[in-house]
Amino acid sequence: MKSLQARHAPLSDTGYQLTVLTEAEAAGARLPAFGQKLREAGLLPLRPTALQTMQINVGRMCNQVCKHCHVDAGPDRKEIMTRETMQQCLDALAQTDIAVVDLTGGAPEMNPDFRWLVEQISALGRRTIVRCNLTIIVANKKYYDLPEFFARHNVMVVSSLPHFSAGRTDAQRGEGVFEKSIRALKMLNAVGYGQPDSDLTLDLVYNPSGAFLPGSQASLEREFKQRLGREFGIVFNNLLTITNLPVSRFLEYLLESGNYEKYMQQLVDAYNPTAAANVMCRSTLSVGWDGQLYDCDFNQQLDLLVSGTAPKHIRDFDAGLLQDRNIVINQHCYGCTAGAGSSCGGATT
Amino acid sequence: MDSTYYNPADLAKFGNITEWQPEMGNKFFAYYAEVFKDGALTEREKALIALAVAHAVQCPYCIDAYTTDSLQKGADEAQMMEAVHVAAAIKGGAALVHSVQMMNKAKELSM
């Protein structure tokens, strides 16, 4: 499978994606606007709370082509962050007390300056999260030592594993991904990640492999711990349940499988105002591979820049102006407010 | 639209049964919600039991609802099909075990 961009698919145009989202209907009627739901909850305009996390997307290049990828990442994507832009991120970071830098992609480790960036973040005394797809660790021998590198810098590893069965994992992430992921998890466990007496954190991410919402995070975590422990001897810290947002390749899947309307209706029906108050965009700044600034990684993939007078590029970082912005919302935001809520840190309620 | 006894859209209206008898309906739904919470059985195990029962009672609404619920609770295809085989084994066994009665009666009537 190739990316939407490489296939020149209509959905590679983010303007078209936004049109599809805005015009979503269920049973012949337009879905309620997300902004209307926020207004009813007294949350419109949606405003930032204290900035806690800088999430940096260091590039769209990836060794996998997952069916649900909202980044439309893959081996055919060449957009990656330069060291110059990384330095601008570090300069911005140094002006703030942001404690956590969340590195995502693509496969962030494929950026040639990835390790340099992690070292610089450590030097600033900040914690790094890496959103590691696991298979990159076993993709090439130059990556085999990633577990030791992560451990040396106390990097928090957050890895996708949508199911404890090979079938459901491979259906979403590609043939053979489950077996490679298990090998990589064993390598992470071997250096101390996820072990009960260790401070090296290994969290797993559960995304549904289809057009349905995640179940209870606590319940799924128990199932995953039991199954991965019993069948593979694997340990980890927390399972984070994340709802698939109707963006990019997951939107394509929904449309092609005939599930789009029903899925949008499910998200609207499961709208939870408590989750709306806790959305992660309120405490996150998202930086694109080219340094542009967004409210979250989903807005980034929809080309929805931060609004108003907030700086649009990390080189112009200004904490005060960013704090004063209104967060950009659209219909995809229902994905973060359904049920127990969803964020890069899992459920929000 | 073709006229049929079952309309998929009716599943979403299940809650409306409280309109004509609120007290009993609300008690039923409160009980229902309690039953499916994590307990001595996990939510996933309960969803799979419900899926098996849905097939045994041949309720199309329940099959749709508990296929979705089983997936949401983390079940995979193999677990779901095995659950249905449990229902099939019990349904089939329930028919076959009555053949003992048939055998008894036949023996009673035969030389």
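Reader: How many residues does the contact take from chain A and how many from chain B?

Author: This is a predicted model, and in it the contact takes 14 residues from chain A and 11 residues from chain B. On the side of chain A that touches chain B, the elements giving two or more residues are α6 (166-173) and α8 of chain A, and α8(A) gives the most, with four residues. That side of chain A divides into four nonpolar, seven polar and three charged residues.

Reader: What makes the eight strands of chain A an open sheet, and which strands stand at the edges?

Author: The order of the sheet is β8-β7-β6-β5-β4-β3-β9-β10 (chain A), with mixed pairing. At the edges stand β8 and β10 (293-294) of chain A, each of which has a single partner strand, so one side of each is left without a neighbour in the sheet.

Reader: How do you know that β7(A) pairs with β6(A) and with β8(A)?

Author: Two strands pair if at least two bridges are found between them. Strand β6 (residues 156-160) of chain A is joined to β7(A) by four bridges and runs parallel to it, with Ser159(A) standing opposite Leu204(A). Between β7(A) and strand β8 (residues 239-241) of chain A there are three bridges, again in the parallel sense, and here Tyr206(A) stands opposite Thr241(A). Both pairs therefore meet the cut-off of at least two bridges. Together with helix α8 (residues 217-232) of chain A, the strands β7(A) and β8(A) make a right-handed β-α-β unit.

Reader: Why is strand β4 of chain A called largely enclosed?

Author: A residue is buried if 20 or more other C-beta atoms lie within 10 Å of its own. Four of the five residues of β4(A), residues 100-104, are buried, so the strand is largely enclosed by the rest of the structure. β4(A) pairs in the parallel sense with β3(A) over five bridges, where Thr53(A) stands opposite Val100(A). It also pairs in the parallel sense with strand β5 (residues 127-132) of chain A over four bridges, and there the bridge partner of Val101(A) is Thr128(A). Two right-handed β-α-β units include β4(A): one is made by β3(A), α3(A) and β4(A), and the other by β4(A), α4(A) and β5(A).

Reader: How do you know that the buried residues of α3(A) line one face of the helix?

Author: The buried residues of α3(A) are Thr85(A), Met86(A), Cys89(A) and Ala92(A). Seen down the axis of α3(A), these residues fall within an arc of 115°, so they line one face of the helix. They pack against β3 (53-57), α4 (114-123) and β9 (284-287) of chain A, whereas the face turned away from the buried side carries the exposed residues Glu84(A), Asp91(A) and Ala94(A).

Reader: What span does helix α3 of chain A reach, and what is expected?

Author: Helix α3(A), residues 83-94, has 12 residues and reaches 16 Å from its first C-alpha to its last, which is close to the 16 Å expected at 1.5 Å a residue.

Methods. Residues numbered from 1 in each chain as written. Chains lettered and ligands numbered in written order. Predicted model: local features only at pLDDT ≥ 70, side-chain atom pairs only at ≥ 80, totals over all residues. Right-handed = clockwise from strand over helix to strand, strands pointing away. Expected span 1.5 Å × (residues − 1). Buried ≥ 20, exposed ≤ 12 C-beta atoms within 10 Å, placed from the backbone. Arc of directions from axis to C-beta. Contact = placed C-beta atoms within 7 Å. Nonpolar A, V, L, I, M, F, W, Y, C, P; charged D, E, K, R; others polar.
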